[in-house]
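Student: I have a model open and would like to learn how to read it. Please take me through the features one at a time.

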Amino acid sequence: MDNRSIISEGKTTNEAIDNGLKKLNVSKNMVDIKVLESEDKRSFFSILSPRIVKVQLTLKENKVNDSYLKKDRKEIELSEEEQKKAKDNIEIFLKEFISKVSESAEYSIDMSKNGLNIYLKDKKLGCLIGYRGETLYALQNILSSVASKGIENRVRVILDIEGYKEKRQKALEDLADKLAKTVIRTKKSVTLEPMQAYERKIIHTKLQENNMVETRSIGEEPRRKIVISLRRK
């Protein structure tokens with residue numbers, strides 16, 4: 001279970017839900033609710049036992065309050081020594097790795113207490129981006145593991161290749177606007193194809209300011225997708 005979900009208990013379903021909402025400090029429309037143990041499912045042998053109802057509350061991706069996420073997720077801060085160690089680890093890896101992919105490729109590494117930002121530059125590195133960034137994000141995870149060698153905490157690495165992320169964000173924002181207009185015109189919901197979490201976040205964020213439509217995520221990873229529909233009044 002990730003940090004978007006909690007399991008809450010109560011004597012009734014409503015009490016269990018209310019307890020969970022208080023813990024998350026959110027309203028009911030900001031969560032998906034799944035009853036794990038109903039008040040109706042009580043056997044003869046448990047009739048004298050205290051009644052406990054369990055529910056799972058999961059924050060909806062497009063409804064999460066930024067302040068909640070910042071409060072709940074503590075950023076790991078790296079010391080200057082850890083930053084340098086992480087950068088040294090990456091440089092050793094990249095020098096050998098890039099030499100086998102492109103002799104003309106260049107890279108830069110920016111250090112901060114929150115992690116490393118790595119930028120690779122060379123048009124020949126398109127093969128490292130892959131279909132909609134899948135290869136890029138796989139490489140980013142590898143680099144995070146490499147950077148973390150000899151360091152107690154996992155180092156956060158953000159990788160970009162030839163400005164791909166900025167271009168992809170612009171494309172997704174344009175797509176979001178286009179599909180929102182389609183939903184408003186046809187009054188029918190639109191379901192997008194599965195996307196990675198960072199791509200879904202771009203679309204959710206882009207359409208948050210649109211008063212005519214709303215977004216939600218459905219399905220399970222890695223096939224999770226976005227639904228755009230008319231905003232309920």
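Student: Which residue stands opposite K54 in β3?

Tutor: E9 stands opposite K54 in β3. Strands of a sheet pair through backbone hydrogen bonds, either parallel or antiparallel. Here β1 (residues 5-10) and β3 run antiparallel and are joined by six bridges. Two strands count as paired if DSSP finds at least two bridges between them. Strands are DSSP runs of E with at least two residues, helices are runs of H or I with at least four, and both are numbered from the N terminus.

Student: What should I know about the model before going on?

Tutor: This is a predicted model, in which local features need pLDDT of at least 70 and side-chain atom pairs count only at pLDDT 80 or more, while totals for chains, interfaces and linings use all residues. Residues are numbered from 1 along each chain as its sequence is written, and side-chain values use heavy atoms, with hydrogens and water left out.

Student: How many helices and strands are there in the protein?

Tutor: The protein has six helices and nine strands. Of its 233 residues, 37% count as buried. Buried means under 20% relative accessible area, exposed means over 50%, and partly exposed lies in between (1.4 Å probe, protein chains only). The accessible surface comes to about 15,200 Å², and 50% of that belongs to carbon and sulfur atoms. Such areas come from the Shrake-Rupley method with a 1.4 Å probe; for residues, only the protein chains shown count as cover.

Student: Which side chains along β3 point to one face and are buried?

Tutor: In a regular strand the side chains alternate between the two faces of the sheet. Along β3 (residues 53-59), V53, V55, L57 and L59 point to one face and are buried.

Student: Which residues is I33 in contact with, leaving aside its neighbours within four places in sequence?

Tutor: Contact means heavy atoms within 4.5 Å. On that basis I33 is in contact with I17, K28, Q56 and L57. I33 lies in strand β2 (residues 31-37). I33 counts as partly exposed because its relative accessibility is 33%.

Student: What is the order of the strands in the open sheet of three strands?

Tutor: The order is β7-β9-β8, with antiparallel pairing. The edge strands are β7 and β8, each of which pairs on one side only. Two bridges join β7 (residues 190-191) to β9 (residues 225-230), and V190 stands opposite I228 in β9. β8 (residues 213-218) pairs with β9 over six bridges. R216 stands opposite V227 in β9, and the bridge partner of S217 in β9 is I226. In the hairpin of β8 and β9, six residues lie between the strands, and G219 takes a positive phi near 85°.

Student: Where does M212 lie?

Tutor: M212 lies in the loop between α6 (197-207) and β8. M212 is partly exposed because its relative accessibility is 45%. Leaving aside neighbours within four places in sequence, M212 is in contact with I184, S229, L230 and R231. M212 and V183 are 29 residues apart in sequence and 9.0 Å apart in space, C-alpha to C-alpha.

Student: What is the phi of R132?

Tutor: R132 has a positive phi of about 50°, although it is not a glycine. R132 is in the loop between β5 (115-121) and α4 (134-147). E162 also has a positive phi, near 55°, and is a residue other than glycine. E162 is in the loop between β6 (157-161) and α5 (164-186).

Student: Which residues line the second largest pocket?

Tutor: Rolling a probe the size of a water molecule over the atoms shows where empty space is left. On a 1 Å grid over the protein atoms alone, a pocket is an open set of points where a 1.4 Å probe fits, with protein on both sides within 12 Å along at least five of seven lines; lining residues have an atom within 4 Å of a point. The second largest pocket is lined by Y131, R132, E134, E193, P194, M195, Q196, E199, E221, P222 and R223.
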